[in-house]
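Q: Please take a close look at one part of this model, the aromatic rings and the charged side chains that accompany them.

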Amino acid sequence: MKRKCSEMPAPKSTEDLKPIMGLEIHLQLNTQSKLFCHCQTEASEPNTACCEICLGMPGSKPVLNEKALEMGLKVALALNCKINSEFFFSRKTYFYPDLSKDFQITQFEIPIGINGELKLKNGKKIRIKRVHLEEDPAALVHEQGMQASNYCLIDYNRSGIPLTEIVTEPDIESPEEAREFLDLMLNLLNYLEVFILGKNALKVDTNISIKGFERVEVKNITGFKAVETALKFETERQKKLIAEGKKPARETRAFEEEVGRTRSLRAKETEEDYGYIFEPDLSRIEVSGMQIEELKNSLPELPEQKIQRLMKEKGLSEYDAGVLASNFEISKLFDEVSQKIDAKISARFLTRELPAVLNHDSITLQESKVKAKDMIELLGLLQEQKITEKTAKELLIKLVSEKISPKEAVEKEKLAKSIDEKEIEKTCKKIISENKKAAEDFKNGERKALNFLVGLAMKETKGKAEPRIAQKIIEGLLKK
Ligand code: ZN
Ligand code: MN
């Protein structure tokens, strides 16, 4: 059967289809109480941390949590935003069972911060459009698995939890770039200590389009790996549609993490559809230039400054300083360890050996058993040349997964290096007398023969002799 050409348009090259992406990151601020009431942010039993305000009862009046405001301002400042000297809250109206008031208190017209930026490693700037504060809705609890039911439970403990929303301009050009941006931002936020990474602490909405085509939103993605996967899937889906001569529709999609796909949820509503109105129960907030200056001065050391300090004070290379600063927890450990241990040794172990072991076990430093005290003990043994580098690395592997004292382990398992040079010398003399041919070869200028003899000395001492010391001794003995 013959087909007409029009039924099968020739696929366009997907090479020149350029994706552009923007992110909206919702982050739970690490406050004790909720954004507009005194309810605790931590509760074990569902629906026990709520009151008339966060339940949205008629006549209840919200009051802004100062601490949350301060944290939001710090986030905006760290992202180099301009702080608005006056801002207010708005009601974003929509109906959903998780929203008992039928509106969410958020910021729309004037957020706390605008026009910021965050620099990627290659120097590219991702512009930050806005940073604002808003309350989280309640949590919908769907029963899973065999007992799956046709009803849904609502937990109002989440209702009113303080969030800060960070919105980027569509400056991101690949899923990998989105991932890098998120990793850098998370690290920056860790330095600010404004949140605890945990369940529900971080949610990302993304918008993605191919240049010249409609924009698609992918909502409610939890986890950075998931954002990367969702964006990869969406880029390919849209490119494929265009190559087939179709157009991606303007819509909102959901990401199904288990299968790594997105699916259509609804035609996209515009912001106007939400019918924002000014929140009359909260007064306008003014922030003076002096208050902003004070907040700026109260910001902790941030990654960029840390890199400069580590280079200047500790003499680290820019590369090592960068690796340390890109992981807040490890950089904190370095600060402690390098007070007692040589900075070069500390950097070598904390930028290379430790991350390698953590990576291998797929855990973070916090999830490991490593304590600064034990790390200092371990590297101290190495620094004082009581153990070899090889033993130190082996003990580090244990230190990550077990609660051990490096000193006790060295004693118990007899790992101490035979630091007694006399003993190494005795072994070396024995080796030389047993290997006259190799000794002669070395005297005649063959370097390989020396390596051979050092190898034998190492074997004889069961690896407890530092190779470079054995080498020095053998060279010395043969020069005589
Ligand atoms: Zn409450
Ligand atoms: Mn939001």
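Which residue lies over the face of tyrosine 274, and at what distance from the ring centre?

A: Lysine 92 lies over the face of tyrosine 274, at 4.3 Å from the ring centre. A charge sits over a ring if NZ of Lys or CZ of Arg is within 6 Å of the ring centre and within 35 degrees of the ring normal. This is a predicted model, in which local features need pLDDT of at least 70 and side-chain atom pairs count only at pLDDT 80 or more, while totals for chains, interfaces and linings use all residues. Residues are numbered from 1 along each chain as its sequence is written, chains are lettered from A and ligands numbered from 1 in the order in which they are written, and side-chain values use heavy atoms, with hydrogens and water left out.

Tyrosine 274 belongs to one aromatic cluster with Tyr94, Phe108 and Tyr276. Rings of Phe, Tyr and Trp (its six-membered ring) pair if their centres lie within 6.5 Å; planes under 30 degrees apart are stacked, over 60 edge-to-face and the rest tilted. The count by this rule is six aromatic pairs. One of them, phenylalanine 88 with phenylalanine 278, is edge-to-face, at 5.3 Å centre to centre and 80° between the planes. The two residues are 190 residues apart, and their pair links distant parts of the chain. Phenylalanine 88 is buried, with a relative accessible area of 9%, whereas phenylalanine 278 is partly exposed at 39%; buried means under 20%, exposed over 50% and partly exposed in between (1.4 Å probe, protein chains only). Arginine 284 lies over the face of phenylalanine 278, at 5.9 Å from the ring centre.

Key: Helices (H or I, at least four residues) and strands (E, at least two) are DSSP runs, numbered from the N terminus.
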